[in-house]
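Please look over the sequence and the 3D structure before reading on. The report below goes through the fold, the sheet, the ring pairs and the disulfide.

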Amino acid sequence: MIDGPKGYQPEFPEWVSAIYTAAVMARMRTRAGKTHVFLHDVNRKVEEVYALRFLCNKNLVKSVGRLWYFVIPPALKNETLKPNTFFC
């Protein structure tokens with residue numbers, strides 16, 4: 001569940017680092033299965049853009065209001081962490 005850091009006021013950082021970290025952890029998973037990610041408070045363009053960039057639109061299962069639900073498969077064994085291809 002991504003519900004922080006505080007990002008609802010201009011003086012607080014956006015959730016970019018939390019979204020990116022969750023995506024990397026999900027893709028680097030070594031055990032069988034998929035990672036379920038809930039992203040709360042998707043109400044600004046910055047959260048939406050980074051969620052779709054790193055958690056991927058194809059992994060978006062459902063969204064209800066400001067709560068988005070993703071199911072992310074682990075990376076294939078031959079995939080490496082490359083910014084343009086690793087996530088989506």
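Predicted model: local features only at pLDDT ≥ 70, side-chain atom pairs only at ≥ 80, totals over all residues.

## Surface and overall make-up

Residues are numbered from 1 along each chain as its sequence is written, and side-chain values use heavy atoms, with hydrogens and water left out.

## Fold

The protein chain has 2 helices and 3 strands, and along the sequence they follow the pattern α-β-α-β-β. Helices (H or I, at least four residues) and strands (E, at least two) are DSSP runs, numbered from the N terminus.

Of the 88 residues of the protein chain, 31% count as buried. Buried means under 20% relative accessible area, exposed means over 50%, and partly exposed lies in between (1.4 Å probe, protein chains only). Among contacts between residues at least 6 apart in sequence, 61% join residues at least 24 apart. A contact means heavy atoms within 4.5 Å.

## The sheet

Strands of a sheet pair through backbone hydrogen bonds, either parallel or antiparallel. Here 3 strands form an open sheet in the order S1-S3-S2, with antiparallel pairing. S1 and strand S2 (60-64) each have a single partner strand and stand at the edges, so one side of each is left without a neighbour in the sheet. From one strand to the next, the twist averages 15°. H2 packs on the sheet and touches S1, S2 and S3, its direction making about 15° with that of S3. Such axes are lines fitted to C-alpha atoms, for helices over the stretch in contact, and angles run from 0 to 180 degrees between N-to-C directions.

Two strands count as paired if DSSP finds at least two bridges between them. S1 and S3 pair over 6 bridges in the antiparallel sense, and 4 bridges join S2 to S3, also antiparallel. Leucine 67 in S3 stands opposite histidine 40, and valine 64 stands opposite leucine 67 too. Leucine 60 has phenylalanine 70 in S3 as its bridge partner. S2 and S3 form a hairpin with 2 residues between them, and glycine 65 in the turn has a positive phi of about 60°.

## Aromatic pairs

A pair of aromatic rings is described by the distance of the centres and the angle of the planes. Rings of Phe, Tyr and Trp (its six-membered ring) pair if their centres lie within 6.5 Å; planes under 30 degrees apart count as stacked, over 60 as edge-to-face and the rest as tilted. By this rule there are 6 aromatic pairs. Tyrosine 20 and phenylalanine 54 have ring centres 5.1 Å apart and planes at 85°, so this pair is edge-to-face. The two residues are 34 residues apart, with tyrosine 20 in helix H1 (residues 16-27) and phenylalanine 54 in helix H2 (residues 45-56). Tyrosine 20 is partly exposed at 34% relative accessible area, whereas phenylalanine 54 is buried at 13%.

The rings of phenylalanine 38 and tyrosine 69 are stacked, because their centres are 4.7 Å apart and their planes are at 20°. Phenylalanine 38 lies in strand S1 (residues 35-40) and tyrosine 69 in strand S3 (residues 67-72), so the pair ties together parts 31 residues apart in sequence. Both are partly exposed, phenylalanine 38 at 35% relative accessibility and tyrosine 69 at 21%. Ring pairs also link Tyr20, Tyr50, Phe54 and Phe87 into a cluster.

## The disulfide

A disulfide is a covalent bond between the sulfur atoms of two cysteines. The structure holds 1 disulfide, counted when a pair of cysteine sulfur atoms lies within 2.5 Å. Cysteine 56 and cysteine 88 form the link, with sulfur atoms 2.0 Å apart. The angle about the S-S bond is -100°, and the link is left-handed. Cysteine 56 lies in helix H2 and cysteine 88 in the segment after S3, so the pair ties together parts that are 32 residues apart in sequence. Cysteine 56 is buried, with a relative accessible area of 0%, while cysteine 88 is partly exposed at 42%.
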